[in-house]
Amino acid sequence: MSLNKRITLYRATRELMLNVVKHARAKQMEVSIREENGHLRIEVIDDGVGFDTAGINSRLLGSESFGLFSVRERIRALDGGVEIVSTPGFGTTVALTVPLKHEGDSESEKLEF
């Protein structure tokens, strides 16, 4: 996995964790990282206040959601995706998924945690 991809994933995960601290009023947060069908999946899960995900795409363009918008754009640039599952009063799960291998990636690069 390229250094650029690693840095992007680190920054995106950090942003999601900061969002939990700033907005979720959570008592607990969990971060999981796993390989799944040739993809790396990072989940940030909290038990905070949650939010209504209806209209999330339009809210991502608002100034209060710039961090989440930036995460989505950075992950898309890696041919990945962002999934947001949230229910008011029951917390939020945000999952980042990116392919582990792209054309042009070195065969000798290995994923290390």
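This tour walks through a group of charged side chains, one selection at a time. The model on your screen is predicted.

**Stop 1: the network.** Select Arg 34, Glu 36, Arg 41, Glu 43 and Glu 83. Salt bridges link these residues in a network. A search of the whole structure finds six salt bridges. Side chains of opposite charge can pair when their charged atoms come close.

**Stop 2: Glu 43 and Arg 34.** Keep Glu 43 and Arg 34 on display. They form a salt bridge, with the closest N and O atoms 3.6 Å apart. Is Glu 43 buried or exposed? Glu 43 is buried, because its relative accessibility is 12% and the cut-off for buried is under 20%. Arg 34 has a relative accessible area of 32%, so it is partly exposed.

**Stop 3: Arg 41.** Now select Arg 41 together with Glu 43. Their side chains meet in a salt bridge, 3.0 Å from N to O. Arg 41 counts as buried, at 11% relative accessibility.

**Stop 4: Glu 83.** Where in the chain do Glu 83 and Arg 41 sit? Color strand β2, residues 39-46, to find Arg 41. Then color strand β3, residues 81-86, to find Glu 83. Glu 83 is partly exposed, at 40% relative accessibility.

**Last view.** Show the whole network again: Arg 34, Glu 36, Arg 41, Glu 43 and Glu 83.

Technical notes: Residues are numbered from 1 along each chain as its sequence is written. This is a predicted model: local features need pLDDT of at least 70, side-chain atom pairs count only at pLDDT 80 or more; totals for chains, interfaces and linings use all residues. Side-chain values use heavy atoms; hydrogens and water are left out. A salt bridge is a side-chain nitrogen of Lys or Arg within 4 Å of a carboxyl oxygen of Asp or Glu. Buried means under 20% relative accessible area, exposed over 50%, partly exposed in between (1.4 Å probe, protein chains only). Helices (H or I, at least four residues) and strands (E, at least two) are DSSP runs, numbered from the N terminus.
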